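Let's take a look together at some cross-links and strand pairings in this protein. The structure is shown below, and the report follows it.

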Amino acid sequence: MLPESLLYLLSATLSFAEARTTLGINAVASFNTLRLPQPPSFALPQQQQLAISVAICSESTPIPRFFVSNISNSDTQDDPGPNGGTNVFEIILNEGQGNWTGTFGNGGILAVEQNGASGVSFDIGVSDNVTIHQTLSELPFFGDTTSNQAILFSPTFSKIVDTVQPTYPNYTLPSANISLPSQPTNVPNFTLIISPTSSGLANKPRTGCFLSNQKSVGTIANETLWSRDDQQWRNQWLMGALTPSTNYTAFVLQGTTNVSGPIYFATKSAAFSCPLVHSLPYCPGVAYSVPLPAPPSGAITYDSTNLPSQVTTPLLSYITNFTTVLTTFACGRDWYSPLVGCNDCQREYRKWLCGISFTRCTEPSPANPNGFTSIVAPPDATGLSASRQTDAAGAPQQVLSAIVPQETSATQRNPFLPTMGSAYNMLLPCLEQCNAVDRACPPFVGFKCPTNNFNAAASYGVGYIDSADGGKDGGLTGVAQDRWGNVWCQMI
């Protein structure tokens with residue numbers, strides 16, 4: 001028979017081993033499979049509803065499995081596991097994270113099965129509101145690149161609240177040279193992660209705890225809040241010190257637990273000379289390379305502070321004159337459409353004018369096996385005529401970007417742009433940019449777009465978003481650009 005003192009010690013040890021740690025609500029706890037409690041499980045607090053999320057924080061295989069039960073959090077309750085049972089659920093991990101939401105009236109238990117994993121770090125989040133670890137449905141937005149720069153945007157995160165819809169009789173439209181609205185005060189902490197695609201970052205855990213510990217290439221030349229329209233705020237990054245002709249993968253972290261991406265993009269060749277133009281309050285959607293001379297001394301890009309007045313003055317004058325004509329209509333009192341008004345007309349005209357005033361300079365994208373292949377169109381082919389159903393070998397459909405080579409002596413599409421001084425490739429605007437103005441404006445302003453079947457392809461990319469006969473979203477790609485870095489035509 002064991003001594004009485006040893007029995008007490010053994011009893012205390014067993015009690016300690018059986019007591020589970022209770023995970024806190026609206027908190028994240030970090031663990032490693034080398035240092036799990038025994039038994040390897042945690043108590044979940046009593047709550048009407050809880051969202052349990054798991055994120056893998058290290059690159060390793062195999063990875064643990066996670067099981068949850070919502071019967072009770074009593075220490076006498078068996079751990080849930082792969083054998084199933086009443087109210088036992090596995091949290092399935094996808095790309096490194098997973099979640100399960102349910103009721104926990106009597107609490108519950110989260111158990112970890114090591115599954116042969118060794119030294120794997122992971123986070124557990126418990127929330128009585130939204131799931132803590134999330135993959136955001138909205139992707140980052142790719143602006144453009146030069147040979148060693150890139151401009152990228154976070155997903156939208158906040159609506160612009162001080163936008164007032166004009167009403168009759170004081171129907172006032174924004175001035176031509178508008179300013180950005182007041183910036184929001186509650187701004188999430190965004191982190192941009194960029195890695196060469198060859199590193200395989202997209203094939204590793206897509207979790208905040210993993211990505212935040214990865215090395216990001218490039219340097220942040222400028223970071224600011226920006227609104228590409230009059231509706232939503234984004235974070236904007238101007239990146240430098242990238243490598244020419246390189247494919248990159250980008251993620252954006254919102255906080256430490258929400259992940260957006262990946263998206264993919266490529267830098268231009270070392271010979272690419274068109275500078276980036278961005279951060280123009282009167283053209284907020286412009287964030288791409290434009291055929292201009294090198295920026296003034298000390299600047300690496302063009303923005304509202306250093307663009308030549310010969311470019312900005314005519315543009316602002318056009319917007320002012322158009323607005324004057326538009327407001328001769330009794331805006332807000334008489335309605336030319338049940339869907340749109342004069343404010344919509346001015347907004348779409350501004351986008352169109354900015355898009356054609358700032359010609360987009362580009363290079364053909366390299367072949368991408370994960371998306372359509374972009375191939376340079378011959379000089380006499382643009383828009384829909386630059387696409388074909390199969391290639392010479394009968395391979396599946398290929399789509400050609402609306403790229404038109406411009407010789408050094410070629411006249412700029414916008415005659416107010418200074419001479420580039422070298423040959424470049426122009427990316428045509430999408431015809432849908434013009435059609436958006438036509439749909440939003442009253443007939444009396446006389447705004448007309450070229451037609452698909454006559455001469456539209458001479459100056460616009462045709463058949464990418466909408467079909468050749470104008471069917472909405474029935475085009476070859478359905479979008480102006482995709483997450484793989486393909487840009488088919490220019491759309492603001």
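In this predicted model, Cys434 and Cys449 form a disulfide, with a sulfur-to-sulfur distance of 2.1 Å. The angle about the S-S bond is -105°, which makes this link left-handed. Here distant parts of the chain are linked: Cys434 belongs to helix H5 (residues 431-440), while Cys449 sits in the segment after H5, 15 residues apart.

The disulfide count in the model comes to seven. Three of these links, including the one just described, are set out here.

| Disulfide | S to S distance | Angle about S-S | Handedness |
|---|---|---|---|
| Cys274 to Cys361 | 1.9 Å | 50° | right-handed |
| Cys331 to Cys342 | 2.0 Å | -80° | left-handed |
| Cys434 to Cys449 | 2.1 Å | -105° | left-handed |

Now for the link of Cys331 and Cys342, which is left-handed at -80°.

The disulfide of Cys274 and Cys361 is right-handed, with 50° about the S-S bond. It links distant parts of the chain, 87 residues apart: Cys274 is in the loop between strand E18 (258-266) and strand E19 (276-277), and Cys361 is in strand E21. Are these two cysteines buried or exposed? Both Cys274 and Cys361 are buried.

Strand E21 (residues 360-362) leads us on to its pairing with E23: the two run antiparallel and are joined by three bridges. Thr362 has Asn425 as its bridge partner in E23. Strand E22 (residues 403-406) also runs antiparallel to E23, with four bridges between them. There, Gln406 has Tyr424 as its bridge partner in E23.

And which way do the side chains of E23 point? In this strand (residues 424-427), Tyr424 and Met426 point one way, Asn425 and Leu427 point the other way, and all are buried. In a regular strand, side chains alternate between the two faces of the sheet.

Note on methods:
Residues are numbered from 1 along each chain as its sequence is written. This is a predicted model: local features need pLDDT of at least 70, side-chain atom pairs count only at pLDDT 80 or more; totals for chains, interfaces and linings use all residues. Side-chain values use heavy atoms; hydrogens and water are left out. Buried means under 20% relative accessible area, exposed over 50%, partly exposed in between (1.4 Å probe, protein chains only). Two strands pair if DSSP finds at least two bridges between them. A disulfide is a pair of cysteine sulfur atoms within 2.5 Å.
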